[in-house]
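Keep the viewer open as you read.

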Amino acid sequence: METDILQAFYVVLVRPRFPENIGAAARAVANMGLGGLKLVSPERMWPVPMQRLATDQGKPVLEAMEVYTGLKQALAECKGAMATTARLGTKRGRLLSPRTAAPQAVKQAHNGKFALVFGPEDRGLTTEEVDLCNMTVRIPTSESSSLNLAQSVIVLAYEIRIATLQEENHHSALAATSFPKPASLEEKEALKEHLKEALLAIGVLRKSNPSHFFRPFKNVLDRAGLSSREVRALRGIARQVLWLHRQIKNK
């Protein structure tokens, strides 16, 4: 059902500075029927401004929201995550529009929790935080305008709801029954680190900045929609590469 899929989506605010934006995000979560709100190291959690902007609709979301010390912990149970950015450049990877990304996110949400991740109001997400997500979205605006945090949340939440309403029922059944268990973000992150270590050992990646030179491989893995079994198989390859490297090195 549509409501079940929307409940898989969580808004994650990373280091939000203003309690008003937390409250407004809670209201957006409630308005669009999403699953909940998570905070990562918020600067100010002042109840009065949060509750005022949340209104009566969003107060239950505030009461149920979870607080974490790091983004990796907040994403531990998620099967997918969408990072938001206003910046351009190769370090941000492939940037999608909300309308393009939302249907892909809905498909992934059939497999479990999905996070919509927003950075702090002044700086946005770091490159390392964006790399923890498997999709990156940029909301298109005119050159002379920008959206604040609460506006960005409602835009993405709305697009997710529309994509959910437009998805055909048989697609939901197919996603729920025909595919193997999808890998969690934690499993995929461990795979990336394992492969990076193996490629660095055999000289495919430069020691000066291995994360930068690994980015093309990361982009492929993010698009692949890997299952847990496939992650284990690929980690087996990385494990064998490292073993052979040690054997050759010790001769």
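Start at phenylalanine 9: setting aside neighbours within four places in sequence, its contacts (heavy atoms within 4.5 Å) are Leu34, Gly35, Gly36, Ala105, Val106, Ala109, Phe114, Leu116 and Ile160. Before going on, note that this is a predicted model, where local features need pLDDT of at least 70 and side-chain atom pairs count only at pLDDT 80 or more, while totals for chains, interfaces and linings use all residues. Numbering runs from 1 along each chain as its sequence is written, and side-chain values use heavy atoms, with hydrogens and water left out.

Phe9 also turns up, with Leu13, Leu34, Leu37 and Met82, among the residues with the most contacts inside the largest nonpolar core, which has 39 residues. A core here is a set of buried (under 20% relative accessible area) Ala, Val, Leu, Ile, Met, Phe, Trp, Tyr and Cys residues joined through side-chain atoms within 4.5 Å. A second, separate core has 16 residues, including Val14, Leu71, Leu75 and Leu185.

Now the sheet. Seven strands (DSSP E runs of at least two residues) make an open, parallel sheet ordered β3-β2-β1-β6-β4-β7-β5. Pairing takes at least two DSSP bridges between two strands; β3 (66-68) and β5 (95-96) are the edges, each pairing on one side only. Strand β1 (residues 9-14) runs parallel to β6 (residues 114-118), joined by five bridges, and phenylalanine 9 sits opposite phenylalanine 114 of β6.

Last, head for the loop between α9 (185-201) and α10 (210-224), where you'll find valine 204.

How values were computed. Helices (H or I, at least four residues) and strands (E, at least two) are DSSP runs, numbered from the N terminus. Buried means under 20% relative accessible area, exposed over 50%, partly exposed in between (1.4 Å probe, protein chains only).
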